[in-house]
Amino acid sequence: MFKKILIANRGEIALRIIWACRELGISTVAVYSEADAHSLHVKFADEDVCIGPAPASDSYLNISSILSAAEITGADAVHPGYGFLSESAHFAEVCEACNLTFIGPSPEILRLVGDKVRARQTMSAGGVPVLPGSDSALASGEEVERVADEIGFPLIIKAVAGGGGKGMRVVRSSDGLESAVSVARQEAGASFADDRVYVEKLLEEPRHVEFQIMADNHGNQVHLGERECSIQRRHQKIIEESPSTALTPALREAMAKSAITAARVSHYTNAGTVEFLLDRDGSFYFIEMNARIQVEHPVTEMVTGIDLIKEQIRVAAGETLGYSQRQVKWRGHSIECRINAECPDTFVPSPGLITSFHLPGGPGVRIDTAAHSQLNVSPYYDSMIAKLITHGNDRAEAIFRMRRSLEVMVVEGIKTNIPLHLRIINDPDFLIGRLSTGYLNRLLASGDTDVTGNAASAEGSA
Ligand code: ADP
């Protein structure tokens, strides 16, 4: 087992990894940017090293600074968390070259699943259903039209190196095709330094249902059930839950089988997520594989009792999974609300000083956060400041616990999306589990009356 792990990340996930290391008796090294000098991950790690100025490109994405920090402190492994360098095949490669274990899949796997067209091809060849679409990155205007003719409208242009909902354009007729491709290309180039795009058939209001996979280096692969992530703003998730209200036992079994196939054909190791879109008729299609721990991993931990970060560390250290598929048991229901420092109506980030911060608690409530009173929420990084997670014996209990928690959570000084979460958690469609990726847009378009009695556009949050 490792003696010392360097955590190449910040915020709640850095703290979450520190807690796992403490439980395993592993010491920790925090790295931080100048903007994060007073952060909790710095305070709670055993050692810390400043790796550069606030912009992520100068610090959390600065590979040579991170490697120097590992060298200076004598770390033997690196946990990349999510975002930043977590899916960089290059980073994983240089870690290995420096005798540092990268806690995640191999560079080859990262390269494969990081290329969404290659991933589609591999899955399709392995028998995992994929949506009709292009077999390779689009080369020319003519080719786009040929693919569009083949699959028909509506369709969606997506970035080959995509992530975070960026570089995606929906096209409903041939009129807008060419300009959509060029806009998607530009956005992809700016976001991922890779302007390749591909085309996929658009599903109208599908559900986003993903499966958690855990695989060791000895050929054992299990799935830990699904997460329903259909509540999204701008193709980004804001509420996730497990199990999904959409799955019958038979559909769950079929999707889980495809998820395991996806792991098998990509020779996957460590924690990963196989994302599917689920159509209204029960057909499902692979869209991508995320080769890292996901933001929403806690809902899986709550229903399975398995600590995914500890599992990642154990697997990276060469241990075998300590359980078979049959031994994985699910209990109750879990929901996660991503609390973002943003305006609840416009989703515009709202950085600044948190003047007052109060967290809910009690049975079935878990909070993963690195925020606190007097924290200056930096404009340089992601706006998520906390994850509020509840667990109940059933969905209704998880919802009641979420509602009471959101009602007493206090974040003052900045705006948060707590009012939006309250609105969702009280919405009749949410309550019966009638969800799709179009759910949030419909809710927001349905007027401004908030069933909780709070103005949905309230300044600040309570
Ligand atoms: P990213 O890697 O940027 O997160 P994904 O491929 O995971 O991109 O898709 C993110 C979201 O975009 C999905 O959850 C879904 O809401 C929407 N989406 C992606 N592909 C399609 C599609 N073919 N049809 C309908 N919606 C889609």
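Good morning. The chain is divided into domain 1 (4-103), domain 2 (132-201) and domain 3 (207-445), with bounds from an automatic or database domain assignment. This is a predicted model, in which local features need pLDDT of at least 70, side-chain atom pairs count only at pLDDT 80 or more, and totals for chains, interfaces and linings use all residues. Residues are numbered from 1 along each chain as its sequence is written, and side-chain values use heavy atoms, leaving out hydrogens and water.

The C-alpha centres of domain 1 and domain 2 are 35 Å apart.

I turn to the second largest pocket. Where does the second largest pocket lie? Domain 1 and domain 3 both give residues to its lining, so the pocket lies between them. Helix H1 (11-24) and strand E17 (365-369) each give two or more residues to that lining, and H1 gives the most, with six. Among the lining residues are Trp 19, Glu 301 and Arg 366.

Next, Glu 187, which lies in helix H8 (residues 177-192); helices are DSSP runs of H or I, at least four residues, and strands are runs of E, at least two, numbered from the N terminus. Glu 187 is partly exposed, with a relative accessible area of 26%; that class falls between buried, under 20%, and exposed, over 50%, using a 1.4 Å probe and protein chains only. A polar atom of the Glu 187 side chain lies 2.9 Å from the backbone nitrogen of Gly 167. The C-alpha atoms of Glu 187 and Lys 166 are separated by 7.0 Å, although the residues are 21 apart along the chain.

Terms used. Polar contact = N/O pair within 3.5 Å; in protein donor to acceptor, adjacent residues only side chain to side chain. 1 Å grid on protein atoms, 1.4 Å probe; cavity = no way out; pocket = protein on both sides within 12 Å on 5 of 7 lines; lining within 4 Å.
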